[in-house]
Amino acid sequence: MFIGNNVTIKSGVQLWDGIRIGNDSFIGPNATFVNNPYPRSKKYPLHIGAKLADNVSIGASATIMGNIT
């Protein structure tokens, strides 16, 4: 996981391995990032996290799927 400079992350946000958040970004409360689109018990695929560019705003309670930019 990488979190850039001047990033605001509000309460209840769930971040996982593979997530990259660019500089000067805002993540609203209770936003969720998904790094496995097809979870299965006892099967652990490579982490496929979202990549957020600089100056991105994510609204409250948003769900961001993995493997997107």
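What is the strand order of the open sheet with β1, and is its pairing parallel or antiparallel? I found an open sheet of three strands in the order β1-β3-β6, with parallel pairing.

**Conventions.** I note that this is a predicted model, in which local features need pLDDT of at least 70, side-chain atom pairs count only at pLDDT 80 or more, and totals for chains, interfaces and linings use all residues. Residues are numbered from 1 along each chain as its sequence is written, and side-chain values use heavy atoms, with hydrogens and water left out. I took strands as DSSP runs of E with at least two residues, numbered from the N terminus, and I counted two strands as paired if DSSP finds at least two bridges between them.

**Sheet with β1.** I located the edge strands, β1 (2-3) and β6 (51-52), each of which pairs on one side only. Strand β3 (residues 20-21) pairs with β6 in the parallel sense over two bridges. There I saw Arg20 opposite Lys51 of β6.

**Sheet with β2.** I then looked up an open sheet of three strands, ordered β2-β4-β7, with parallel pairing. Its edges are β2 (8-9) and β7 (57-58); each has a single partner strand, so one side of each lacks a neighbour in the sheet. Two bridges join β2 to β4 (residues 26-27) in the parallel sense, and Thr8 has Phe26 in β4 as its bridge partner.

**Core.** I listed the largest nonpolar core, which has eleven residues, including Ile21, Ile27, Phe33, Leu52 and Ile58. Such a core is a set of buried Ala, Val, Leu, Ile, Met, Phe, Trp, Tyr and Cys residues joined through side-chain atoms within 4.5 Å, where buried means under 20% relative accessible area (1.4 Å probe, protein chains only). Leaving aside residues up to four places away in sequence, I found Leu52 in contact (heavy atoms within 4.5 Å) with Arg20, Ile21, Gly22, Ile27, Phe33 and Ile58.

Note on methods. Helix = DSSP H or I, 4+ residues; strand = E, 2+ residues; numbered from the N terminus. Buried < 20%, exposed > 50% of the residue type's maximum accessible area, 1.4 Å probe, protein only.
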